[in-house]
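Q: I would like to learn how to read some features of a protein model. Where do we start?

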Amino acid sequence: MVAFKPGYLRLYETRELEEKIEQLFGILESCELCARKCKVNRLEGEKGYCKSGKELTVSSYGPHFGEEPELVGTHGSGTIFLTNCNLLCIYCQNYEISHLGEGRITDEAEVAEYMLQLQYTGCHNINFVTPTHFTPQLIKAISIAAGKGLRLPIVWNCGGYENVETIKLLDGVIDIYMPDIKYGTSEPAKKYSNSPDYFDMCKEAIKEMHRQVGDLKVDERGIACRGLLVRHLVLPDDLAGSEEVLEFIASLSRNTYVNIMDQYRPCGEAHKYKELSRRPNSSEYFKAVDLARKLGLHRGFRVRTLLL
Ligand code: SF4
């Protein structure tokens with residue numbers, strides 16, 4: 001049962017989706033899809049920081065049960081993992097996919113079929129994981145799938161290093177934005193993700209996402225249908241700048257859904273950095289949680305349980 005009409009269907013019916021697709025593919029000529037603004041001509045095969053040309057490359061797809069409960073429901077979130085990444089954090093837990101390019105070249109029609117299969121399987125949404133660098137191709141795939149009966153909300157599960165102008169073009173297409181906010185300060189963003197302006201770019205993009213879709217809304221089954229869901233991964237020694245991040249999130253709305261994540265573990269090239277070679281301990285994690293509660297945030301994270 002789908003309890004609401006996703007935004008892209010209206011744009012498909014009015015043919016506005018076609019216009020957006022044309023505009024988005026135009027950006028590939030001098031690519032500024034993300035905050036890196038490499039200005040390479042991807043239509044001619046040039047590649048920028050994300051090492052992606054014009055071909056859509058997918059690593060895997062299928063129902064996923066490890067996402068937030070509001071996305072997983074009873075039948076899973078329909079994830080489609082895109083190959084490569086525009087952020088390339090050195091500690092990425094999907095290093096083979098993001099850095100090493102593990103995946104298969106496909107096309108928009110085939111990805112539309114994946115989406116329809118995920119819908120048929122009973123998934124509650126289509127969850128594009130690391131989609132930013134393939135935005136035009138994915139919106140085209142959504143359009144093809146819409147014409148063949150896709151009715152699920154789209155989750156835009158991105159790393160937060162976005163170009164706000166690209167996000168503006170997604171207005172009305174994306175139902176659920178799920179960005180990371182990885183860093184609240186410049187130094188670690190530069191050191192581990194080569195993006196010193198990460199927090200500024202991220203804040204601008206997330207304000208626009210929130211303007212478009214508002215706080216996360218769930219249907220009568222408790223399943224997400226529209227809104228903003230933010231993820232923040234706590235790093236050891238507060239390298240993620242959790243205070244700055246949570247203050248920004250609370251300034252958007254105290255009803256913002258924020259998943260404060262504790263699952264960091266050293267992956268990829270993290271072993272090269274002593275400070276990243278361990279997991280955060282529980283006191284580091286709950287310091288972030290306590291702060292979120294003090295700021296008035298109350299959705300999406302575990303609370304400290306006191307054993308009396
Ligand atoms: S998507 Fe971002 S990283 Fe990739 S080429 Fe475009 S601007 Fe560069």
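A: Start with burial: a residue is buried under 20% relative accessible area, exposed over 50% and partly exposed in between (1.4 Å probe, protein chains only). In this predicted model, Y183 and Y198 are both buried. The model is predicted, so local features need pLDDT of at least 70 and side-chain atom pairs count only at pLDDT 80 or more, while totals for chains, interfaces and linings use all residues. Residues are numbered from 1 along each chain as its sequence is written, and side-chain values use heavy atoms, with hydrogens and water left out.

Q: How many aromatic pairs does a search of the whole structure find?

A: Rings of Phe, Tyr and Trp (its six-membered ring) pair if their centres lie within 6.5 Å; planes under 30 degrees apart count as stacked, over 60 as edge-to-face and the rest as tilted. The search finds eight aromatic pairs. One of them joins Y183 and Y198, with ring centres 5.5 Å apart and planes at 85°, so this pair is edge-to-face. Y183 sits in the loop between strand 6 (176–177) and helix 8 (186–193), and Y198 in helix 9 (residues 198–213), 15 residues apart. Helices (H or I, at least four residues) and strands (E, at least two) are DSSP runs, numbered from the N terminus.

Q: Which residues form one aromatic cluster with Y183?

A: The cluster consists of Y161, Y183 and Y198.

Q: What kind of aromatic pair do F199 and F248 form?

A: F199 and F248 are edge-to-face, at 6.2 Å centre to centre and 85° between the planes. F199 belongs to helix 9 and F248 to helix 10, so the pair ties together parts 49 residues apart in sequence. Both F199 and F248 are buried.
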